[in-house]
Amino acid sequence: MSPETERCLTAGAVLLAYAAFCGFIVWRRRRRRVPGLSTLPSRQEPVLVAYASQTGFAEEIARRSAESLQAGGVPARLARLETLDADTLAVAGRAVFIVSTTGQGDAPDHAARFVRRVMGRKAALTGLDYGLLALGDSSYANYCAFGRQLDAWLQTQGATPLFDRVEVDDADGGALRHWQHHLGKITGTSETPDWAPARFAEWRLIERRRLNPGSPGGPAFHLALEPMEGGPKGGPEGGIEWQAGDIAEIGPRNAREALDRFPPYFLEALRDRRLPDDPAELAGLSPEQARGRQMPLPHREYSIASLPSEGRLELLVRQARHPDGRLGIGSGWLTEYAPMGSPIALRVRSNRSFHPPEDDRPMILIGNGTGIAGLRVHLKARAAVRRHLNWLVFGERTRAQDFFYRAEVEGWLADGVLARLDLAFSRDQEERLYVQDRLREAADTLREWTAEGAAIYVCGSLKGMSTGVHAALVAALGHEALEGLAEEGLYRRDVY
Ligand SMILES: Cc1cc2nc3c(=O)[nH]c(=O)nc-3n(C[C@H](O)[C@H](O)[C@H](O)COP(=O)(O)OP(=O)(O)OC[C@H]3O[C@@H](n4cnc5c(N)ncnc54)[C@H](O)[C@@H]3O)c2cc1C
Ligand SMILES: Cc1cc2nc3c(=O)[nH]c(=O)nc-3n(C[C@H](O)[C@H](O)[C@H](O)COP(=O)(O)O)c2cc1C
C-alpha cells in the first residue's frame with residue numbers, strides 16, 4: 001500500500017471513529033434520560049477545558065475532550081486560553097489544558113496575551129488540579145516548548161497535576177489514546193471509543209501464570225506472547241521492534257460465555273464490541289448491522305516487561321474487578337478469558353518519555369506492584385550491555401506472595417547487575433511501609449547517586465506511590481534540583 005493510500009485510510013478511520021464517537025454521545029445522552037432524573041441539576045463543577053491552537057488541531061482535540069468529559073457525565077467548559085486570568089484559574093477547581101507550540105518554540109498567537117499578562121506574574125493556584133496535553137513535532141528544535149513552559153508555570157504557582165503531561169508528536173495516535181485514557185480517569189468511565197483507533201496485529205498467547213497465589217492483593221499474571229505467522233514485521237530478525245519503556249496496546253475481546261447469550265451467527269461480529277444488556281435489543285439485525293450498532297471495546301495499555309531479543313513480549317497484568325464482580329475489560333480478557341494459544345490483538349506504542357538513558361549513567365528504578373514490569377525491562381536492557389550501576393526500590397504487600405520475579409531480582413543482585421536493592425513489603429510488619437519510606441531512609445545515598453548523574457525512573461501506581469515517591473525525592477533532593485532533573489530527562493515516570 002502506498003504511503004498516500006495509507007494516510008487516506010488512517011484519516012478515514014479517524015473520521016469514522018469520530019462519527020461513531022458522536023453517535024455514542026447521543027446514545028449515552030438518550031440512555032441517561034431516565035424519567036424523573038433528567039431534570040435533576042448536575043452536582044459536579046464543570047471541568048475547564050482551555051486551549052491554545054495555531055492551526056486548529058489543539059482546538060479540535062479540546063472540543064473532543066470536552067465532549068468526552070460530558071459523555072462521561074462530567075460537565076465541561078471550553079475556553080480559549082486568552083479569555084482566562086489568574087482569578088478564573090484559581091477558582092476553576094479542575095482544568096485540562098490542550099496547547100500546541102508554533103514558530104520557534106512559541107505559544108500560538110492568540111495566547112500571547114495570556115503568556116504576557118497571566119504567565120508573566122505570580123498566581124495562587126493551590127486549589128487547581130489539572131491535566132496538560134502538549135501538541136508538537138519533534139522535528140522542531142523546541143519540541144512542545146509552550147506546553148512544557150505552561151506546565152512548569154502551573155506547578156510553580158502551586159497547581160497540582162492530575163497525571164504527567166502528555167506530549168503528542170506529529171498527531172501521534174498512541175499519545176492521543178493515552179490522553180483519552182486520562183480523560184476516562186477523570187470521568188470514572190472507560191467506555192469511550194478511541195479517537196484514533198490502532199491497527200492491531202495478531203500475537204499468540206503462549207504463557208499465562210499467576211505470580212501471587214494467596215496474595216492479599218488482586219491476582220497478578222505473567223503473560224508471554226509471540227507474533228503470529230504473517231504477523232508484525234520490521235525488526236532486524238523479522239519480528240517487531242520495541243525499546244525498554246514502550247507500551248503494548250491491547251484490543252480486548254468479549255468472553256466466550258458472554259457471547260453465548262447471543263445467537264451463534266453474532267459470534268464473530270460482536271467479539272470486540274460492547275454487548276447490550278439484553279440480547280433482544282439486536283433482534284432482527286444482521287451480524288453486520290449489529291456490529292455497526294455496537295461500540296468497539298476500548299483498548300488497554302500495559303508496560304512491556306521483556307526485550308525484543310527474547311523473541312517474546314511479556315506483560316505483568318493485575319486483574320481488575322468492577323463493583324458488580326465482573327472482571328475488567330482488558331485485564332479480564334488477558335488473564336482469564338482469552339484461551340491459551342489464541343490470537344491477541346496487540347500494537348506496540350513507542351513511549352519516548354520512558355526510554356532508557358542514552359549513556360551509561362547510573363539508574364535508580366522505583367516502583368510498586370505491576371510497575372515492576374516497566375522496570376524489569378530496563379534492568380534486562382542494562383544487564384545486556386553490562387551497565388551495572390542500578391538501584392532497584394520495589395514495594396508490594398507481602399514478601400511471601402508478592403515478590404514478583406524474585407529469583408530474577410535476587411540473581412541480578414548476586415551477579416552485580418543490581419548495585420543496591422531496597423524492598424518495602426507493606427504488610428509484613430505492624431506498621432505499613434512503602435517505597436517512599438525506603439527512599440526517605442536512603443536520602444543520603446539518593447543525593448550521592450544523583451550527584452554522580454543518576455537518572456530516576458518511576459513505574460506503577462499514580463495514586464499513592466508516585467505522589468509519595470515524588471514527595472520523598474523533593475525532601476531528599478530539593479524541589480528545584482528535582483525539577484532540573486525532570487527538565488534534563490533524568491526524572492522519568494510511567495505511572496497509571
Ligand atoms: C501507560 C500505562 C501502563 C500500564 N501498565 C500496566 C501494567 O503493566 N500492568 C497492569 O496490570 N496494568 C497496567 N496499566 C493499567 C491498564 O491499562 C488498565 O487500566 C487495567 O488493566 C484495568 O483495565 P481493565 O480494562 O481490566 O478494567 P476496566 O474495565 O477499565 O475497569 C478498571 C477499574 O475501573 C473501575 N470501573 C470501571 N468502570 C466502572 C464503572 N462503570 N463503575 C465503577 N467502577 C468502574 C473498576 O473498579 C475496575 O476495577 C497501565 C496503564 C497505563 C496508562
Ligand atoms: C510554523 C510552525 C512552527 C512550528 N513550531 C514548532 C515548535 O517549535 N515545536 C514543536 O514542538 N512543534 C512545532 N510545530 C508543530 C505544531 O505544534 C504541531 O503541528 C501541532 O499539532 C499544531 O497544532 P495546532 O494546529 O493546534 O497549532 C510547528 C508547526 C508549524 C506549522
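Student: Does Gly468 count as buried, exposed or partly exposed?
Tutor: Start with the cut-offs: buried takes 20 or more other C-beta atoms within 10 Å of a residue's own, exposed takes 12 or fewer, partly exposed is in between, and the C-beta atoms are placed from the backbone. Gly468 has 19 C-beta neighbours inside 10 Å. So the label for Gly468 is partly exposed.

Student: What kind of model is this, and what is the chain's average pLDDT?
Tutor: It's a predicted model, where local features need pLDDT of at least 70 and side-chain atom pairs count only at pLDDT 80 or more, while totals for chains, interfaces and linings use all residues. Residues are numbered from 1 along each chain as its sequence is written, and chains are lettered from A and ligands numbered from 1 in the order in which they are written. pLDDT is the predictor's confidence in each residue, from 0 to 100. Here 89% of the residues score at least 70, and the chain averages a pLDDT of 89.

Student: Over residues 24-43, what value does pLDDT stay under?
Tutor: Two residues are in contact if their C-beta atoms, placed from the backbone, lie within 7 Å. For residues 24-43 the model has nine contacts beyond four places in sequence, and for residues 1-11 it has one. Over residues 24-43, pLDDT stays under 50.

Student: Back to Gly468: which helix holds it?
Tutor: Helices (H or I, at least four residues) and strands (E, at least two) are DSSP runs, numbered from the N terminus. Not counting residues up to four places away in sequence, Gly468 touches Tyr434 and Gln436. Its helix covers residues 462-477 and is called α15.

Student: How many helices and strands does the chain have, and what share of its residues is buried?
Tutor: The chain has 16 helices and 17 strands. Out of 496 residues, the buried share is 38%.

Student: In the largest nonpolar core, which residues touch the most other members?
Tutor: A nonpolar core is a set of buried Ala, Val, Leu, Ile, Met, Phe, Trp, Tyr and Cys residues joined through C-beta atoms within 7 Å. The largest has 63 residues and draws at least three from each of domain 2 and domain 3. Apart from it lies another core, of 46 residues, among them Val96 and Phe97. In the largest core, the members touching the most others are Ala248, Leu315, Leu365, Leu392 and Ile456.

Student: What is phi of Cys144, roughly, and is that residue buried or exposed?
Tutor: Most residues other than glycine have a negative phi. Cys144, in the loop between β4 and α5, has a positive phi near 50°. With 25 other C-beta atoms within 10 Å, Cys144 is buried.

Student: Where is Arg386, and is it buried or exposed?
Tutor: Arg386 also has a positive phi, of about 55°. Its place is in the loop between α10 (372-384) and β14 (390-396). It has 9 other C-beta atoms within 10 Å, so Arg386 is exposed.

Student: How far apart are the C-alpha atoms of Arg273 and Pro296?
Tutor: Arg273 lies in the loop between α7 (256-259) and α8 (287-293), and its contacts include Arg291 and Pro296. Along the chain, Arg273 and Pro296 are 23 residues apart. Their C-alpha atoms are separated by 4.3 Å.

Key: Domains from an automatic or database assignment.
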